[in-house]
Amino acid sequence: MKVHGRCHCRFVEYEAEADPAKVAICHCTDCQALTGSAYRVMLPAEPGSFRLLHGEPTHYEKTAESGNRRVHAFCPRCGSPVYSTTPERSANYTLRVGALDERHQLPPRRRIWCRSALAWSTNLDGLEQRERQ
Ligand SMILES: [Zn+2]
Ligand SMILES: [Zn+2]
């Protein structure tokens, strides 16, 4: 399916093709730190389909436990994480589901790096619920 993404301030906009069956939650500690949250929800774009439509993201390169280097792109104005890619900016892009217009139609299908999952983040049933703040 075609997906459309943008950062919070709308400076960075992009589109891509992606398979909804590939949505995953990542519980790794890098994702926890880089999102400031309990986990990241991500979706790999189909190779070669990513198109940056507006804005120029800022990049931060991290080295994973595997030794692989990964470039994390975020908006230089509002700081929203928008995608990750390889240092060579190859066709390999991973999108951040929370930044996609179609996110309601993109439920996760798998969880990875569960060994570092925050135990409290895996079951939100039973928490007090409010429609707004
Ligand atoms: Zn922005
Ligand atoms: Zn991760």
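This is a predicted model: local features need pLDDT of at least 70, side-chain atom pairs count only at pLDDT 80 or more; totals for chains, interfaces and linings use all residues.
User: Is His54 buried or exposed?
Analyst: His54 is exposed, because 11 C-beta neighbours lie inside 10 Å, and the cut-off for exposed is 12 or fewer.

User: And which strand does His54 lie in?
Analyst: His54 lies in β5, which covers residues 51-54. That strand belongs to an open sheet of three strands, ordered β1-β2-β5 with antiparallel pairing. β1 (2-6) and β5 are the edge strands with a single partner each, so each has one side without a neighbour in the sheet.

User: How are neighbouring strands of this sheet turned against each other?
Analyst: By 25 degrees on average, with direction ignored.

User: How many bridges join β1 to β2?
Analyst: Five, and β1 and β2 (residues 13-17) run antiparallel. As one example, Gly5 has Tyr14 in β2 as its bridge partner.

User: Switching topic: what is the order of the open sheet with seven strands?
Analyst: The order there is β6-β7-β8-β9-β4-β3-β10, with mixed pairing. β6 (58-63) and β10 (110-112) stand at the edges; each has a single partner strand, so one side of each lacks a neighbour in the sheet. From one strand to the next, the twist averages 30 degrees.

User: Nice. How many bridges do β6 and β7 pair over?
Analyst: Six, in the antiparallel sense, with β7 spanning residues 69-74. Within this pair, Thr58 stands opposite Phe74 in β7.

Terms used. Residues are numbered from 1 along each chain as its sequence is written. Chains are lettered from A and ligands numbered from 1 in the order in which they are written. Helices (H or I, at least four residues) and strands (E, at least two) are DSSP runs, numbered from the N terminus. A residue is buried if 20 or more other C-beta atoms lie within 10 Å of its own, exposed if 12 or fewer, and partly exposed in between; C-beta atoms are placed from the backbone. Two strands pair if DSSP finds at least two bridges between them. Axes are lines fitted to C-alpha atoms, for helices over the stretch in contact, and angles run from 0 to 180 degrees between N-to-C directions.
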